[in-house]
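Hello,

Here is the structure we talked about. Please open it alongside this message; my notes follow below.

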Amino acid sequence: MARDCRAAQKMGMNTIAAAVTWELLEPSEGSYSFEQTDMLIRTARQHGLHLVVLWFGTWKNGNSHYVPGWVKRDHRRFWWAAAADGTPVRSLSPHCKATWEADCAAFVALCRHITETDRDNTVIAIQIENEPGLIGTMRDYSEAATALYQAPVPNEVAALAEGSGSWEDVYGFYAPEFFTAYAVARYIDALAEAARAVTALPFYVNAWLQEMHNQVPGVDYPSGGAVTRTFALFKKATPHVEALAPDIYLQEYRTVEALHQTYSSMENPYYLPETLYSELAMVNAIRGVVEYGLCGVHVFGLDMMLDEQENLRPIARGAAAAMQILRSMQPLIEKDQGTPRLIAVGQYDGASEQYIDFGDRIGSVRFKKDLGDWMKKSASGLDALLGKPAPIRGMGLIWYNGTDEFYLAGTGWRLMLFPKADSVAATSAAHSDDFLNQRSQAFLTVEEGQFDENGVFCPRFRRNGDEADYGFGVEPENGVLHVVMDTAF
């Protein structure tokens, strides 16, 4: 945990997520040990980080591997879900009341302990279960569960689906998945409702997504989770859970765009608890922050980001850059998220630039990775001379007040501005060529600096000279670039 906290610090993060497991919390029934919980809180606090507690209770990745041994051995009291051929799968049934009661007692004890001992609010949220659902079957085919499945759908389900009758009447092929999702959602919401009496911390549930392989529930992902298909039902069935959160390991643009849209809908606080640390995943995350209200980003696998000497590995460069970018622009994100003032910069495959219409100016973001040969040689030669690694995929943020002021943060790109007042100005000798245009920029000041704890920009360097000759360039080590234009020109 201490090593992971140091990795989080080096990545520029402010929060770490770590698991509390039921088997360690309650090694024998009714006897609780909070050593693991206290260690996580203490270590995060010592490193100046907030903590999100992940409750590995009944479910972890669609299985029940972290439940205590006394639960695993008592098959009569705690029944396991059965596949269609009667074979038990390694996931406890969401229909078993005894399982819920035992999980609930442990979860409430955990929440109460955090409330009583975490006086400085190191813990800021709790994940209830982990990627819940059933692996190996679409639903529990046990006799008790089948009786529930054959009954008419509950009224709230019928109202949402605008249909009535059996689960198969309403949902057809995916009826077993919706049946399981409703059971899992009600199971988790009851845990949240019981724990709400002892904690005010926000709860969320994460989801192993359906958008992979053949998209068969129970085979390609756990059946019964809050996936795209079941999102609306799961949301309606969990009024005591603040957020449903996707674990996004996919990177294809259209798929991620659809996920952004789904998990930011229905007034769901959009939170990304697990994603890759690749450059493309970070581009998608920054777009989520700017365009879909994403409020937090966690990358999976902090333990893999440091080498033996605890230096960041090359694979972590993209994630580290993204975290520093978001952190450097945090005051502006918190102030203007969801408004036209914030613009995401992201380099997708094949892109050498990104066009931005600022209204009174044309913006052309030039990515370092795909510049022309002349510029590429110039930039890479200078980087090599200074001992810098090759540029990574371009990403970042632009804030524009609509008249004269820009704040920029990012990596791997420069912003070129062109006048849009009239066609004559746009095609004049001073602006028709990149080289001349940038030397003719009517800026008052170009400053490099950072925001302080009160959100006030503090400049470190004035960059009015040849640092701006090829556009307004940004890199994480430069912090935030503040540009003020002269509107008289």
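The side chain of aspartate 140 has a polar atom 3.0 Å from the backbone nitrogen of alanine 82. Bear in mind that this is a predicted model. The aspartate 140 side chain also makes a polar contact with the side chain of serine 93, at 2.7 Å.

Where does aspartate 140 sit? Its place is the loop between β5 (123-130) and α6 (143-150). Aspartate 140 counts as buried because its relative accessible area is 0%, and the cut-off for buried is under 20%.

Aspartate 140 and alanine 81 are 59 residues apart in sequence, yet their C-alpha atoms are 4.7 Å apart in space. Leaving aside neighbours within four places in sequence, aspartate 140 is in contact with Trp79, Ala81, Ala82, Ser93, His95, Leu134, Ala145 and Thr146.

Next, threonine 58. This residue belongs to strand β2, which covers residues 50-60. Is threonine 58 buried or exposed? Threonine 58 is buried, with a relative accessible area of 0%. Its side chain makes a polar contact with the side chain of tyrosine 187, at 2.7 Å. Residues up to four places away in sequence are not counted in what follows: threonine 58 touches Trp22, Asn63, Ser64, Val67, Leu92, Thr99, Asp103, Glu129 and Tyr187.

Last, two backbone points. Most residues other than glycine have a negative phi.

- Glutamate 162 has a positive phi of about 55° and is not a glycine. Glutamate 162 is in the loop between α7 (155-161) and α8 (167-171). The relative accessibility of glutamate 162 is 75%, so this residue counts as exposed, the cut-off being over 50%.
- Glutamate 310 also has a positive phi, near 65°. The loop that holds glutamate 310 runs between α12 (279-292) and α13 (317-328). Which side of the buried cut-off does glutamate 310 fall on? Glutamate 310 counts as buried, because its relative accessibility is 17% and the cut-off is under 20%.

Best wishes

Note on methods: Residues numbered from 1 in each chain as written. Predicted model: local features only at pLDDT ≥ 70, side-chain atom pairs only at ≥ 80, totals over all residues. Heavy atoms only, no water. Helix = DSSP H or I, 4+ residues; strand = E, 2+ residues; numbered from the N terminus. Buried < 20%, exposed > 50% of the residue type's maximum accessible area, 1.4 Å probe, protein only. Polar contact = N/O pair within 3.5 Å; in protein donor to acceptor, adjacent residues only side chain to side chain. Contact = heavy atoms within 4.5 Å.
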